[in-house]
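Please keep the structure in view while reading.

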Amino acid sequence: MVAYKSKMVERIRLPSREQRERNLEAAGYNLFNLPSEEVFVDLLTDSGTGAMSDAQWAALIRGDESYAGSRSFEELEEAVADVMGFSNVVPTHQGRGAENVLYGALLSAGDVVPNNTHFDTTRAHISNQDADPVDCPVEFAHDPDADEPFKGNFSVERARAVVDEHGAERIPVVVQTITNNSAAGQAVSVENTRKVREFADEIDATFVIDACRFAENAYFVSQREGEFGDASIADIAREQLGYADALVMSGKKDGLVNAGGFVATDDDALFEQCKQRAILYEGFPTYGGMAGRDVAAMAVGLREAVEDAYLEDRIEQVREFGAQLAAVGVPVYTPTSGHAVYIDAGELFPHLDAAEFPGQVLACELYREGGVRGVELGSFAFPDTDRPELVRLAVPRRTYHREHFDHVVETAEAVLEKRETVSGLQLASDPVMPEIRHFTAELEPVPSSQ
């Protein structure tokens, strides 16, 4: 179902193949280094790249830019309470700002943090506190073909093994990410969230939900978890989030805005700690690094994110995109997620081993062939982890149309046709923090003699 019509358009262009070749070389074969005007269809991320609604644009105009006591902050507080069920909110400039605020308040050197799967900035922020992030995905999470409805679930069994190894006293925080972005955006069941809540209580740990895509996850719960077949998306979201002690949120995902994030909690002591860190790193606690207009737009976006019509349109678009790619022979991770289609580059390029970064090779080839920008989430982004060689094609919200996806599919077909001739890449530079090297590291083609 199409739930929107366009009220504004932006001109885009496809650079020539020769220009795309030069762009790749100048970018060090890292698509983060490409100028946006040199990209035709940009599927690098769904974070802050979507189109806002007319109601959100109206909220921008009405935004209160007061340094303290902003009316826009009051609107955000009300939206978080109504949609997510938490009374205390600390706004930040984006999700990683919220991670810095929350994990800086909760963690100390030597701590261990289990998560269903840590994403890059989450892993980096935990490591930055001299703590150890440990992934606890279910056993089929990284199997692209496993026929399971909740491949994003947290494995409590693996987490218990972490407790046995390190001791409960070293595990002050347990995190569950919904949807599980690093496991191909897979959904997490409410039943699993309840079990993680019980586990956190057993070891006296704070239970944090990374809620970036909470609404998309609630939609999948409504479709796949029998208990919730007749429940509204809004009710499912409140139920699932309600098991957490605190939330960390990037408003650039299911807040439907271009900037912003927050920490939410009902723990008054934790709230005070987070406010103090926010003042130090983000700004006053009623704007937190955002303009008042952005705070106001996020308040509207949180309410829109749990509307049935929006979610049906959003997730069906991604599902159809994945089906189009699979129909032409592209190895797609299934089931498709709510925000992206993930391609198994390891299967696409079986002649390349992990040291030659097949995912990054695929991302570069998609740009070379059709000016399409995606992102690698395999051995380049996550060194020293046992993850499949995936490329994520993230779909910005309410932005692209069928013709854009047709172009991406044609581009992927062109890559398929020449896949046996594609060679690997190697690092040309390696930044200090390996957890986030994929943002800035440069690569180069592997010499033909290797």
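**Backbone, domains and charge pairs**

P335 sits in the loop that runs between helix 12 and strand 9; helices (H or I, at least four residues) and strands (E, at least two) are DSSP runs, numbered from the N terminus. The peptide bond from T334 to P335 is cis, with omega near -5°. This is a predicted model, in which local features need pLDDT of at least 70 and side-chain atom pairs count only at pLDDT 80 or more, while totals for chains, interfaces and linings use all residues. Residues are numbered from 1 along each chain as its sequence is written, and side-chain values use heavy atoms, with hydrogens and water left out.

Another cis peptide bond leads from I178 to T179, with omega near -15°. T179 belongs to the loop between strand 5 (173-177) and helix 7 (190-202). L256 is not a glycine, yet has a positive phi of about 60°; L256 is placed in the loop between strand 7 (246-250) and strand 8 (261-265). Most residues other than glycine have a negative phi, and most peptide bonds are trans.

The domain assignment, automatic or taken from a database, gives domain 1 (17-39 + 308-445) and domain 2 (54-305). Their centres, taken over C-alpha atoms, are 26 Å apart. In contact (heavy atoms within 4.5 Å) are 30 residues of domain 1 and 39 residues of domain 2. The two domains bury about 2,700 Å² between them, 57% of it on carbon and sulfur atoms; buried area is the accessible area (1.4 Å probe) that two parts lose on being put together, summed over both.

Four salt bridges cross the interface of domain 1 and domain 2, a salt bridge being a side-chain nitrogen of Lys or Arg within 4 Å of a carboxyl oxygen of Asp or Glu. R397 forms a salt bridge with E216, with 3.2 Å between the closest N and O atoms. On the side of domain 1 that touches domain 2, helix 12 (308-327), strand 9 (340-344) and strand 12 (390-394) each supply at least two residues. Helix 12 gives the largest share of that side, six residues.

The structure as a whole holds 29 salt bridges. R71 and E75 also meet in a salt bridge (3.8 Å, N to O). These residues are separated by about one helical turn because R71 and E75 are four residues apart in helix 3 (residues 71-84).
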